[in-house]
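Here are my notes on this one, written as numbered points. Have the sequence and the 3D view open while you read.

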Amino acid sequence: MEDRDTDIPTLKVIETANWILRDGDKILSVRSHGRDRFYLPGGKIDPGETAREAIIREVAEELGVTLIDDSIREIGTFSGRGHNQPDGAIVRMTCFSADYHGTLAPAREIAELRWLTQRERDLMAPMGQKITAALFDI
């Protein structure tokens with residue numbers, strides 16, 4: 001008997017932790033060097049790392065600020081097709097809100113940060129558009 005399970009393509013799932021920072025009707029978004037779209041700050045969760053640990057590390061690396069530990073709250077997890085990901089990989093984004101210490105500034109791979117309104121969400125990657133649409137409906 002043939003094993004047909006080997007013919008089923010395996011979808012790659014990329015686990016990320018992302019920061020949702022709102023200021024009224026605007027949401028903090030970042031654009032990496034060489035990218036044409038804005039993303040929610042954050043990034044991939046490293047092996048052995050929790051989503052909470054990843055968001056603390058990623059925000060410090062990308063924006064040079066420290067999240068205030070007791071203010072970190074998980075908002076939810078959103079999944080969908082990743083932007084510029086090979087073979088239609090799925091991105092599963094665990095999103096957090098949190099207060100911070102420091103001054104926001106682009107660092108490392110981040111070329112630009114911008115506060116985008118709901119009307120400007122077309123500047124974001126598709127998952128950012130999906131998440132911000134859900135958040136602004138809250």
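How many bridges join strand β6 to β7, and do they run parallel or antiparallel? Keep that in mind for point 2.

1. Ground rules before we start. This is a predicted model, where local features need pLDDT of at least 70, side-chain atom pairs count only at pLDDT 80 or more, and totals for chains, interfaces and linings use all residues. Residues are numbered from 1 along each chain as its sequence is written, and side-chain values use heavy atoms, with hydrogens and water left out.

2. The sheet. Eight bridges join β6 (residues 73-81) to β7, and the two strands run antiparallel. A quick word on names: helices (H or I, at least four residues) and strands (E, at least two) are DSSP runs, numbered from the N terminus. Two strands pair if DSSP finds at least two bridges between them. In general, strands of a sheet pair through backbone hydrogen bonds, either parallel or antiparallel.

3. Putting the strands in order. The open sheet has four strands, ordered β4-β1-β7-β6, and its pairing is mixed. At the edges sit β4 (42-44) and β6, each pairing on one side only. From one strand to the next, the twist averages 20°; axes are lines fitted to C-alpha atoms, for helices over the stretch in contact, and angles run from 0 to 180 degrees between N-to-C directions.

4. A helix over the sheet. Helix α2 (residues 126-136) lies across β6 and β7, at about 135° to β6. Its buried residues are Met127, Gly128, Ile131, Thr132, Ala133 and Leu135, where buried means under 20% relative accessible area, exposed over 50% and partly exposed in between (1.4 Å probe, protein chains only). Those buried residues pack against β2 (22-23), β3, β6 and β7, with contact meaning heavy atoms within 4.5 Å.

5. The cores. A nonpolar core is a set of buried Ala, Val, Leu, Ile, Met, Phe, Trp, Tyr and Cys residues joined through side-chain atoms within 4.5 Å. The largest has 17 residues, and Trp19, Ile55, Leu63, Leu67 and Leu104 have the most contacts inside it. Two or more residues each come from β1, β3 (26-32) and α1 (51-63), with α1 giving the largest share, five residues. A second, separate core has 15 residues, including Leu40, Phe78, Val91 and Met124.

6. Glu58, buried or exposed? This residue belongs to helix α1, and Glu58 counts as buried because its relative accessibility is 8%. Its side chain makes a polar contact of 3.0 Å with that of Arg57. (A polar contact is a pair of N or O atoms within 3.5 Å; within protein, one must be able to donate a hydrogen and the other to accept it, and residues adjacent in sequence count only if both atoms are side-chain atoms.)

7. One last stop, Arg108. You'll find Arg108 in the loop between β8 (100-101) and β9 (110-117). Arg108 counts as exposed because its relative accessibility is 59%. Check its phi too: near 50°, a positive value in a residue other than glycine.
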